[in-house]
Amino acid sequence: MNDLIIQNIKQLILPKSTDRPLKGQELDQLEIIENGTIVVKDGKIVYSGAHTDSYEANATIDATGKVVSPALVEAHTHLVHGGSREHEMSLKRQGVSYLEILEQGGGILSTVEATRDASEQELFEKAEKHLLTMIRHGVLAVESKSGYGLDKENELKQLKVSNRLAEKYNLDMKHTFLGPHAVPKGAESNQSFLQEMIDLLPEVKNYADFADIFCETGVFTVEESKEYMQAAKEQGFAVKIHADEIDPLGGLELAIDEGAISADHLVASSEEGKAKLKESDTVAVLLPGTTFYLDKEQYADARGMINNNGAIAIATDFNPGSCVTNNLQLVMSIAALKLKLSPNEIWNAVTVNAAKAIDVDAGTINKGDKANIVVWDVPNHEYIPYHYGVNHAEKVIKDGKIIVDNSFTLS
Ligand code: NIG
Ligand code: FE
């Protein structure tokens with residue numbers, strides 16, 4: 001006997017299973033079945049498609065009037081961190097820029113202090129809360145970066161927390177070492193600090209899947225980023241880069257040349273960089289919530305990247321400074337408004353392509369896939385970007401079991 005049937009689904013969203021990211025025009029193609037059914041057994045999808053009477057199961061969910069999709073994939077977060085930075089709001093109001101705050105020892109560096117001051121258990125409990133919020137919003141695969149320790153003890157502390165969370169919730173999580181995220185106070189030089197981080201790579205490999213670096217004015221140069229990426233690849237890491245977030249340094253071109261699994265931000269990327277995307281399977285992970293929160297006019301040129309036959313994904317960038325939201329649905333709305341993405345492109349960008357950007361087996365619910373599913377209390381797939389800033393996930397189903405039920409009535 002099967003375990004679960006979800007039936008009468010108004011729209012069943014079925015991103016395509018592929019072994020490479022969707023690129024260019026492919027991003028606008030999405031199978032949407034009206035009056036769909038999903039059948040689950042032993043935590044896996046037995047059937048997903050048009051309505052059928054040929055299955056029976058021990059439990060039934062009636063999804064009349066609702067949308068059902070794969071659980072979302074969150075491809076870029078700074079989940080584990082100490083403290084918070086609400087005081088930066090007033091600095092922003094006074095016109096102090098993000099990089100100026102960092103130069104003055106605030107920003108990332110103030111989170112470094114708070115993260116160093118926190119015990120592993122304190123960090124765990126804080127990150128756990130943030131992670132559970134993501135899950136309640138329909139996310140079941142998450143990338144999580146270090147980068148607020150900037151020394152061996154504290155980088156490992158963050159990565160251990162991330163690994164413990166993955167284990168506790170048996171989640172598809174990928175862990176990223178972002179040691180070169182900023183240059184700590186007291187470092188002799190950028191170069192000597194970078195070397196320190198490179199020397200940590202062999203030990204960090206026990207706790208991290210990816211190595212990432214912040215390539216930006218005043219942080220690390222393209223040359224330094226290249227040195228780091230090459231060292232990381234030698235140690236068996238797949239590499240990522242925070243590139244061209246504020247200034248067009250050429251981080252995207254570097255990422256493509258180095259075969260990075262993703263290049264993230266890309267707000268200021270050059271025309272050459274965008275054109276190069278077509279030659280590679282590097283996923284451009286766009287973070288429009290960050291541009292919104294940094295209050296910038298210019299967003300990443302998602303349309304240009306798609307026209308150049310590039311692969312894009314979208315993610316929150318959840319962190320305590322430049323994007324303080326762990327609601328990926330909100331970022332889907334910002335992507336519609338500011339990146340001018342179509343609903344189909346957005347759904348592919350938070351499912352299959354996000355999964356490719358972090359190399360997880362997630363983002364699809366075709367036969368044989370894990371039954372990681374969301375039942376959305378919305379009438380169609382365009383509705384989530386449209387009705388913004390609230391949680392539309394009604395039920396989150398992990399390995400065939402309902403782990404979140406947000407439908408409740410007031411007593
Ligand atoms: O992706 N840009 C660098 N790192 C983060 C921000 C971190 C912070 O401000 O704490 C980002 O935007
Ligand atoms: Fe980031």
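**Helix α3**

I started with helix α3, residues 108-117, where I108, L109, T111, V112 and T115 are the buried residues. For helices I take DSSP runs of H or I with at least four residues, for strands runs of E with at least two, numbered from the N terminus. Buried means under 20% relative accessible area, exposed means over 50%, and partly exposed is in between, with a 1.4 Å probe and protein chains only.

Why do the buried residues of α3 line one face of the helix? Seen down the axis, they fall within an arc of 155°, so they sit on one face. That arc is taken from the directions from the helix axis to the C-beta atoms.

Next I looked up the packing partners: the buried residues of α3 pack against α2 (98-103), α4 (120-136), α5 (152-169) and β10 (214-215). Contact here means heavy atoms within 4.5 Å.

**Ground rules**

This is a predicted model, so local features need pLDDT of at least 70 and side-chain atom pairs count only at pLDDT 80 or more, while totals for chains, interfaces and linings use all residues. Residues are numbered from 1 along each chain as its sequence is written, chains are lettered from A and ligands numbered from 1 in the order in which they are written, and side-chain values use heavy atoms, with hydrogens and water left out.

**The iron ion**

I then went to ligand 2, an iron ion coordinated by H76 (NE2), H78 (NE2), H242 (NE2) and D317 (OD) at 2.0 to 2.3 Å. Donors are N, O and S atoms within 2.8 Å of the metal (3.2 Å for Na, K and Ca), and since water is not among the atoms, sites may look incomplete. Along the chain the donors follow the spacing H-x1-H-x163-H-x74-D. H76, in the loop between β6 (72-74) and α1 (88-93), and D317, in the loop between β14 and α12, link distant parts of the chain, 241 residues apart.

The UniProt annotation "binding site", from an unreviewed entry, covers H76, H78, H242 and D317. They span 242 residues in sequence, yet no two of their C-alpha atoms are more than 12.1 Å apart, so they gather at one spot. UniProt positions are in the numbering used here, feature names are shortened, and annotations may be inferred rather than shown by experiment.

Is H76 buried or exposed? H76 is at 0% relative accessibility, so I put it down as buried. H242 sits in strand β11 (residues 238-243) and is buried at 3%. Its side chain makes a polar contact of 3.3 Å with the side chain of H78. A polar contact is a pair of N or O atoms within 3.5 Å; within protein, one must be able to donate a hydrogen and the other to accept it, and residues adjacent in sequence count only if both atoms are side-chain atoms.

D317 is buried too, at 1% relative accessibility. The side chains of D317 and T290 make a polar contact at 2.9 Å. Leaving out residues up to four places away in sequence, D317 touches several residues, including H76, H78, H242 and S322.

**More from the record**

Which other residues does UniProt list for "binding site"? The unreviewed entry gives R85, Y148, H181, E245 and S322, and the lining of the second largest cavity takes in these residues. On a 1 Å grid over the protein atoms alone, a cavity is a set of points where a 1.4 Å probe fits but cannot get out; lining residues have an atom within 4 Å of a point.

R85 lies in the loop between β6 and α1 and is buried at 5%. Its side chain joins that of E88 in a polar contact of 2.6 Å. Beyond four places in sequence, R85 touches residues among them I108 and T111, which I had already noted as buried in α3.

S322 lies in the loop between β14 and α12 and counts as buried at 3%. Among the residues that S322 touches, apart from sequence neighbours up to four places away, are Y98, E245, T290 and D317.

**T364**

Last, I checked T364, in the loop between α14 (352-357) and β15 (373-376). T364 is buried at 10% relative accessibility. A polar contact of 2.7 Å joins its side chain to that of D369.

Technical notes. On a 1 Å grid over the protein atoms alone, a cavity is a set of points where a 1.4 Å probe fits but cannot get out, and a pocket is an open set with protein on both sides within 12 Å along at least five of seven lines; lining residues have an atom within 4 Å of a point.
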